Amino acid sequence: VLLDLSLPDSFGMQTFLEIKDLAKEIPVIILTGDSDSEIAYELLQQNAQDYLVKGEFNVGSLIKSIEYSLGRKKAEESLVVSEKKYKQVFYNSPFTMWIICALSDEVLEVNDAALKLYGYERSEFLSLTQNDICFGRKKDNKVGENLEKHRKKDGQEMIVEFTSYSINY
């Protein structure tokens, strides 16, 4: 969408927001006579793909803007699809999983299997730290097993084998 912000029935940011809601999968490039950098920055923060001032661009730069905007939109959509797939794998896995902050040991995220096994509601589990659940860690170097005692919400203890990985969250 090539959008002029000065239309007879709409003006400025409101014009963009209305079009953005209608054309969610289509990149919007702003074409305007206003060279105000604050408005340009605000529109780009609201996901306008580009901001071009009339009289300051030529056909070549407009074509590049359109091509780059289409490429960025495709990359954005791919990222959304990838994130959705990751979330499905994480939340629907039959294996208990949770993500813990390495600095504070706070639980940052938890999957449904862990909630079911440990007996917590999501909000309760997310208010815990690793030390609230895990104690008595044992490393058996011969077999390579990592064993821990864990405590469920009802106080019941169990021995679990665990594997952990560092990730950027």
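Trainee: Which residues touch the most other members of the largest nonpolar core?

Mentor: The idea first. A nonpolar core is a set of buried Ala, Val, Leu, Ile, Met, Phe, Trp, Tyr and Cys residues joined through side-chain atoms within 4.5 Å. Buried means under 20% relative accessible area, exposed over 50%, and partly exposed in between (1.4 Å probe, protein chains only). Now the case. This core has 13 residues, and those touching the most other members are Trp-98, Val-107, Val-110, Tyr-118, Phe-125, Leu-128 and Ile-133. Two or more core residues come from each of β7, α4 and β10. Helix α4 gives the largest share, with three residues.

Trainee: What kind of model is this, and how are its residues and side chains treated?

Mentor: The model is predicted: local features need pLDDT of at least 70 and side-chain atom pairs pLDDT 80 or more, while totals for chains, interfaces and linings use all residues. Residues are numbered from 1 along each chain as its sequence is written, and side-chain values use heavy atoms, leaving out hydrogens and water.

Trainee: Is Thr-15 buried or exposed?

Mentor: Its relative accessibility is 2%, so Thr-15 counts as buried. Thr-15 sits in helix α1 (residues 13-22). Its contacts, apart from neighbours within four places in sequence, are Leu-3, Asp-4, Leu-5, Leu-7 and Ser-10.

Trainee: On to charges. How many salt bridges are there?

Mentor: A salt bridge is a side-chain nitrogen of Lys or Arg within 4 Å of a carboxyl oxygen of Asp or Glu. This structure holds seven. One of them joins Glu-76 and Lys-73, at 3.3 Å from N to O. Both residues lie in helix α3 (residues 59-92), three residues apart, about one turn of the helix. The two ends differ in cover. Glu-76 has 35% relative accessibility, so Glu-76 counts as partly exposed. Lys-73 has a relative accessible area of 11%, so Lys-73 is buried.

Trainee: Which residue forms a salt bridge with Asp-112?

Mentor: Arg-122 does, with the closest N and O atoms 2.6 Å apart. This pair links distant parts of the chain: Asp-112 is in helix α4 (residues 112-118) and Arg-122 is in helix α5 (residues 122-125), ten residues apart. Asp-112 is partly exposed at 35% relative accessible area, and Arg-122 is partly exposed at 29%.

Trainee: Where is Lys-153, and which helix holds its partner Glu-124?

Mentor: Lys-153 and Glu-124 form a salt bridge, their closest N and O atoms 2.8 Å apart. Lys-153 is in the loop between β9 (145-151) and β10 (157-161), whereas Glu-124 is in helix α5, 29 residues away, so distant parts of the chain are linked. Relative accessible area is 43% for Lys-153, which is partly exposed. Glu-124 is also partly exposed, at 27%. Salt bridges can share partners: Glu-109, Asp-112 and Arg-122 are joined this way into one network.

Trainee: What about loops? What is Ser-93 in contact with?

Mentor: Ser-93 is in the loop between α3 and β6 (98-100). Its relative accessible area is 14%, so Ser-93 is buried. Leaving aside neighbours within four places in sequence, Ser-93 contacts Gln-88, Asn-111 and Ala-113.

Trainee: Last, the backbone. What is phi of Asn-47?

Mentor: Near 80°, a positive value in a residue other than glycine. Asn-47 is in the loop between α2 (37-45) and β5 (50-53), and is partly exposed at 49% relative accessible area. Asp-105 is another non-glycine residue with positive phi, near 65°. Asp-105 lies in the loop between β6 and β7, and is partly exposed at 23%.

Definitions and conventions. Helix = DSSP H or I, 4+ residues; strand = E, 2+ residues; numbered from the N terminus. Contact = heavy atoms within 4.5 Å.
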